[in-house]
Amino acid sequence: MHHPQDQVHHHSLNDPESFWGEQASHLHWHKEPSAVLARSTKELLSGDSHDHWSWFPAGEISTCYNCIDRHVLAGRGDAPAIFYDSPTTNTKQRLTYRELLTEVEIFAAVLRQEGVKKGDVVLVYMPMIPATLIGILAINRLGAIHAVVFGGFAAVALAQRIEASRPVAILTASCGIDGSKPPIGYRAFIEEATSLSSWKPPRTIIYQREQLSWHPVRKTDGERGWQNLVKSARARGIRAECVPVKSTDGIYIIYTSGTTGLPKGVLREAGGHAVGLHLSISYLFGIHGPGDVMGCFSDIGWVVSHSYTLYGPLLTGAATVLYEGKPVGTPDASAFWRLVDEYKINTMFTAPTALRAIRKDDPDNHLIAEVGERGGLRSLKALFLAGERSEPAIITMYQDLLKRYGAKDAHVIDNWWSSESGSPISGIALVPHAGKDRQTDVKDHPPLAIKPGSAGKAMPGFDVRAVDDDGNEVPRGKMGNIVLALPLAPTAFRTLWEDEERFYKGYLKRFGGKWVDTGDAGLIDESGYIHIMARSDDIINVAAHRLSTGTLEQAITSHPLVTEACVVGIPDSLKGQLPFAFVSTSGDAVPDAQLLAEIQKLVRSQVGAIATLGGLIQGRGMIPKTRSGKTLRRVLRELLENAVHGEFDKPVNVPSTVEDAGVVDVAREKVREYFREKGGLHAAIEAKAKL
Ligand code: AMP
């Protein structure tokens, strides 16, 4: 309990009033809150009830004002706000806070003129360009609610979100550009989505990109040209002031990436969001204000980018890098390192899947070395990873590389969170203090030690526990369901958009309203480090032993040639389930039998004989992912389950969020080949048991 991060966490849970009251004082309030935290009981129409809470009740705040106006008013208007870097269009652009203010004031006036009012929903379906951030901030400026939908989603996913959020307007662009592929016109997606949806948004405002135009703009259908509207508003000199909203009013809806079922609309509330994000960007990520640069390489359609490409850095007055490109292929695997060098990024954020892609394309680290050797990575204090579990091998590899090339004491930090939490639930804070003096003392109090494989310790306001299926806490070091006690930290949700019942049923009911179910499974070790090992649904049950996919994948990826592994359960008449691995290796393929034997050894020694694999398929491009980089284990599990019954062609449930449906076809063929060659799983196991 001596490390400052433990003390900060303890303070946040034991005296939330003083802790969060101080955090709130860093922001501008149009009306001061009457309290920090109010607790109550929520009665539902179904007759159920649950504990409820609100952060900063009766306060009024404008997030846009806190992100832009106040920095300009304080004389920091010339500081850079956005560095836009787009290798896909060969464009770079720099916007200062003053320039950003002008653009947002004008575009907010445009939206107001087009009928957007406080409390309305505006859906944003845009690529990673400055207009997108301007559009989102303008929506916020009017006190309206944005619902950003990832620009890579096709019509069905988009239609579901239009139907659910009933936007008064859609902001879109003529096209998106995915890496080095040709531009993808958005018109067809928008038209199909609005025809599928029973809700017809009255306005569609289109940002014309020169790579592909949206032509003609049909005014009679409510379509408007973004640039034309802005030009006219600028000529008329109209601008919009900030409209503050209540702390507990929604500022955005974000639909969870949803590997199953209909997407859930997580509602983010104004007061808690601003206060909690301001804390996390400075305390956890070490970004404090002008002079600091954040590089969060995710898409604005995901919560990570909402929080740390857009709102977090701007709340402090720091600069953010808006990157329209890929980790690899635009033009190569040096892209992130070039960005760090060019913009002197201090804190970088990405998903482990991006690092795996980089490692695949640059297996000998020539590209990172090239930038590193000229001192190009010295500004980098930390590389944060989230979105899915980071296996220890990827953490230690990049820790070594940063030690060689980054700033002295640079860190690679796994942090665990979700759309629901709005900011990391766990991580390793870069800064020792959460108070006003947080910029001092860093040298005297280095961050907590990194434990590769753990996502760090709980962040302020999050009370994290591991419990059994009855909701009783399990001993330290034991696997359980990872849950959160109420109230949740200020950035986290308190409900789903217009669906209080689903909030209760989806998150609270399982544990009788006592805990919020995160859907993740893992353990909390003796020293309080949290290890997230799998989604609860991905736990494999072998002869009544609960094995996590994360533990098994960790053992498999400790093999030097393995670049990626995905483990799922396959039905077994004797043991219920057996773990089965899909494995990619670097370089030339190793003979299957040899690889399996080597991997079995690792699994047996690191996890135990109970975890002995029931089979292994080696190959590339066969592990399906969501567009946000999460492994779709369920799809591989279904393919295997069908194969066990000889149903190789049976359709599997592939969610609309899949990155590349072709990968599922590759996996299907691989599974078919495996079963044909081995004459069924059990024959395969027997053959391998003799090895
Ligand atoms: P999303 O709401 O789409 O951001 O997805 C949240 C889910 O991603 C979590 O519930 C976890 O299952 C997974 N996740 C995110 N970050 C991590 C992490 N650092 N380690 C393990 N799983 C993670």
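This tour goes to the ligand and its surroundings, and then to an open sheet.

The model is predicted, so to speak of local features requires pLDDT of at least 70, and side-chain atom pairs count only at pLDDT 80 or more, whereas totals for chains, interfaces and linings use all residues. Residues are numbered from 1 along each chain as its sequence is written, and side-chain values use heavy atoms, with hydrogens and water left out.

**The ligand**

Select the ligand together with the 15 residues that surround it, of which the closest are Asp414, Asn415, Ser419, Asp520 and Arg535; a residue is near a molecule if one of its heavy atoms lies within 4 Å of it. This shell divides into three nonpolar, five polar and seven charged residues, where Asp, Glu, Lys and Arg count as charged, Ala, Val, Leu, Ile, Met, Phe, Trp, Tyr, Cys and Pro as nonpolar, and the others, Gly among them, as polar.

Next, show Asp414, where an N or O atom of the side chain is 2.6 Å from a nitrogen atom of the ligand, and then Asn415, where a polar backbone atom is 2.7 Å from a ligand nitrogen atom. At Asp520, an N or O atom in the side chain is 2.5 Å from an oxygen atom of the ligand. The protein covers 89% of the 500 Å² of accessible area that the ligand has on its own (Shrake-Rupley method, 1.4 Å probe).

Now select strands S23 (464-467) and S26 (530-535), the edge strands of an open, antiparallel sheet of four strands in the order S23-S24-S25-S26; strands are DSSP runs (E, at least two residues), and two of them pair if DSSP finds at least two bridges between them.

Terms used: Polar contact = N/O pair within 3.5 Å; in protein donor to acceptor, adjacent residues only side chain to side chain.
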